[in-house]
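Dear colleague,

I am handing over the structure that we spoke about, and below it you will find some notes on what was found in it. Please keep the structure open while you read.

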Amino acid sequence: MDSLGQKRVVLNYGKPTDEQFNLAKVFKLKIAELIDMLEPLKTTGETARVVSIAQTELETSCMYGVKAILNG
């Protein structure tokens, strides 16, 4: 039986299908596009800070999205 920590990091997610891996890759590429779209907006001060926060939140969303895809 997996511990809570092992479940959260998807230690044993079974055998995802090729379709799931392909969907995860497409999802990651879409998130990467959004992160890249924000990068030129990093100027100085407050704008740079909120862009960095947005990029971090996109990375977090990507991790959860991939986890959902591979657990599905």
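Let me begin with helix α3, whose 27 residues should span 39 Å at 1.5 Å a residue, and whose end C-alpha atoms lie 40 Å apart, which agrees; the expected span is 1.5 Å times one less than the number of residues. Helices here are DSSP runs of H or I with at least four residues, strands are runs of E with at least two, and both are numbered from the N terminus.

Before going further, please note that this is a predicted model, in which local features need pLDDT of at least 70 and side-chain atom pairs count only at pLDDT 80 or more, while totals for chains, interfaces and linings use all residues. Residues are numbered from 1 along each chain as its sequence is written, and side-chain values use heavy atoms, with hydrogens and water left out.

The protein as a whole has three helices and zero strands, in the order α-α-α from the N terminus. Of its 72 residues, 21% are buried, where buried means under 20% relative accessible area, exposed over 50%, and partly exposed in between, with a 1.4 Å probe and protein chains only.

Which residues of α3 are buried? They are Ala48, Val51, Gln55, Leu58, Cys62, Gly65, Val66, Ile69 and Leu70, and these residues pack against α2. As background, an α-helix has 3.6 residues a turn, so residues three or four places apart point the same way.

Glutamine 55 is buried, because its relative accessible area is 7%, and a polar atom of its side chain lies 3.1 Å from the backbone oxygen of isoleucine 35. Beyond its neighbours within four places in sequence, glutamine 55 is in contact (heavy atoms within 4.5 Å) with Ile35, Leu38, Glu39 and Lys42.

Alanine 48, which is found in α3 (residues 45-71), counts as buried because its relative accessibility is 19%. Leaving aside neighbours within four places in sequence, alanine 48 is in contact with Lys42 and Thr43, whereas its C-alpha lies 9.7 Å from that of leucine 38, ten residues away in sequence.

Key:
A polar contact is a pair of N or O atoms within 3.5 Å; within protein, one must be able to donate a hydrogen and the other to accept it, and residues adjacent in sequence count only if both atoms are side-chain atoms.
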